[in-house]
Amino acid sequence: MIADRLDRYIARNVLGAIIVVQVVLLGLDLVITYINDLEDVAGDYGAFQVLQYLLMRLPWRFYQYAPVGVLIGALIGLGSMASSNELTVMRAAGRSLTRILWGVMKPVLVVVVVLLLVAEYVSPRTEQFASAWRLEKLQGEGAVLTQRGGWQREGDSIYRFGAIRADDTVLDLTRYRFEGHTLQDAMVAQRAIWHDGAWRLEDVAITRFHEERTDVERHDSLPWQTGLTPAQLDRLLREVNSQAPSELWAYASYLRSQSLEATQPLLYFWQKLLMPLTLASLVLVAASFVFGPLRTVAAGTRVFYGVVTGLVFKYLQDLLAPASTVWGFSPIWAVLGPTLLCAVLGLYLLRRSG
């Protein structure tokens, strides 16, 4: 019973510190981003709408700041107990270091479950809705859902898409069709409309290339035979890091089925799937700081070292991400590398502290 009480006490302190840190980080980010985004005020998109847009994006921001929030929160929660000698009393009473760490990991498991649910079901939808809502306020009804163009290969054709609207209308579509390495024709359509499970192109111009001449055909409307659906185009044109793990896996599977590089979606997929290991390794580092070299320093110093460690971790992952493309190793190692490094560092420092 006493052991359970100690576990609950440790979990309450650590979880409370994590929540406070997350609220502070989100609050600072909200204020700074709000001031910066006031430059975009135009038409129906006023100062209050800017605030609404940023509030819609809070689930995504919460997910982004979670690793740093868990690291600093664990440092503060454990550090406060270390400063008041509570951890020393627990260990003197026979509480092992492993059991104390398990008490710290329990609230982290709660955070992990929340993060996985947010990543899969909440943030992709709020991000998509927020983007569509913002652009509709700026451009009016039927606004472009995304202004991020994209390229895609399908069979012997290469497509370029300008944008996609909230009503599943693709704008500024170009197709280049090849036979071997020879360009056969180039098609430009002002828009492609999804209706009754099929695509229809409007305002189409097709240029056919022959050995000594080119022919141009113009059509008001043509059917578009393709395996691409609005959902797939949305994944193609939407920011990859804002997609759910299931969407990322489906997107990567589609790219590989077309013999295309799928490193980027797989990288974000593994980042989200391996988030539990990432948080656990950061907690180990936080605990090693408290029980090891930072057990006697002020709380502000612990927070400073926690921020530095979190930034180093993030920058290391950011460096390994393009490296996986250049050197051809699996994206999973770009995620696991910094995670394993943190875990080894944490375990080494904990072992030295006894």
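Author: Let's start in strand β6 (residues 198-209), where D203 is found. Bear in mind that the model is predicted.

Reader: What makes the backbone at D203 worth a remark?

Author: D203 has a positive phi, about 55°, although it is not a glycine.

Reader: And why is D203 called partly exposed?

Author: Its relative accessible area is 39%. Buried would need a value under 20% and exposed one over 50%. D203 falls in between, so partly exposed is the label.

Reader: Which other non-glycine residue has a positive phi, of about 65°?

Author: N85. N85 belongs to the loop between α3 and α4 (86-92).

Reader: On to the helices. What makes α3 and α9 roughly parallel?

Author: The axes of helix α3 (residues 58-83) and helix α9 (residues 275-291) cross at roughly 30° and come within 9 Å. Angles under 35 degrees count as roughly parallel, and therefore α3 and α9 get that name. Their crossing is right-handed.

Reader: Which residues meet at that contact?

Author: On the α3 side they include Y63, A66, P67, V70, L71 and G79, and on the α9 side M275, L279, L282, V283 and F289 are among them.

Reader: How do the residues of the contact of α3 with α9 divide by class?

Author: Into 17 nonpolar, one polar and no charged. Gly counts as polar here, and G79 is one of the α3 residues in the contact.

Reader: Why are α3 and α5 put in the antiparallel class?

Author: α3 and α5 pack at an angle of about 165°, with their axes 9 Å apart. The cut-off for roughly antiparallel is over 145 degrees, so α3 and α5 are roughly antiparallel to each other. The crossing of α3 and α5 is right-handed.

Reader: What does the contact between α3 and α5 consist of?

Author: In α3, P59, W60, F62, Y63, A66, V70 and L78 take part, and among their partners in α5 are V104, V108, V111, S123, T126 and E127. By class that contact has 15 nonpolar, two polar and one charged residues.

Reader: S123 shows up there. How do you know whether S123 is buried or exposed?

Author: S123 sits in helix α5 (residues 97-139), and its relative accessibility is 1%. Buried means under 20%, so S123 counts as buried. Not counting residues up to four places away in sequence, S123 touches P59, W60 and V118.

Reader: What about N13: why is N13 called partly exposed?

Author: N13 has a relative accessible area of 23%. N13 is found in helix α1 (residues 2-37), and beyond its neighbours within four places in sequence N13 is in contact with G77, S80 and M81.

Reader: How do you decide how α7 and α8 run relative to each other?

Author: Helix α7 (residues 245-257) and helix α8 (residues 263-273) pack at about 150°, with their axes 9 Å apart. With the line drawn at over 145 degrees, α7 and α8 are therefore roughly antiparallel. The crossing of α7 and α8 is left-handed. Among the residues that meet are W249, Y251 and R256 in α7, and Y268, F269 and K272 in α8. By class, the contact of α7 with α8 has ten nonpolar, no polar and two charged residues.

Reader: What makes α6 "mostly covered"?

Author: The count does: seven of the eight residues in helix α6 (residues 230-237) are buried. They are P230, Q232, L233, D234, R235, L236 and L237.

Reader: Last one. How do you know where the buried residues of α2 lie around its axis?

Author: Helix α2 (residues 47-56) has Q49, V50, Y53, L54 and M56 buried. Looking down the axis of α2, these buried residues fall within an arc of 155°, so they line one face of the helix. As for spacing, an α-helix has 3.6 residues a turn, so residues three or four places apart point the same way.

Key. Residues are numbered from 1 along each chain as its sequence is written. This is a predicted model: local features need pLDDT of at least 70, side-chain atom pairs count only at pLDDT 80 or more; totals for chains, interfaces and linings use all residues. Side-chain values use heavy atoms; hydrogens and water are left out. Axes are lines fitted to C-alpha atoms, for helices over the stretch in contact, and angles run from 0 to 180 degrees between N-to-C directions. Helices (H or I, at least four residues) and strands (E, at least two) are DSSP runs, numbered from the N terminus. Angles under 35 degrees count as roughly parallel, over 145 as roughly antiparallel, 65 to 115 as roughly perpendicular and the rest as oblique. A crossing is left-handed if the near helix is turned anticlockwise from the far one by less than a right angle, and right-handed if clockwise. Contact means heavy atoms within 4.5 Å. Buried means under 20% relative accessible area, exposed over 50%, partly exposed in between (1.4 Å probe, protein chains only). The arc is that of the directions from the helix axis to the C-beta atoms.
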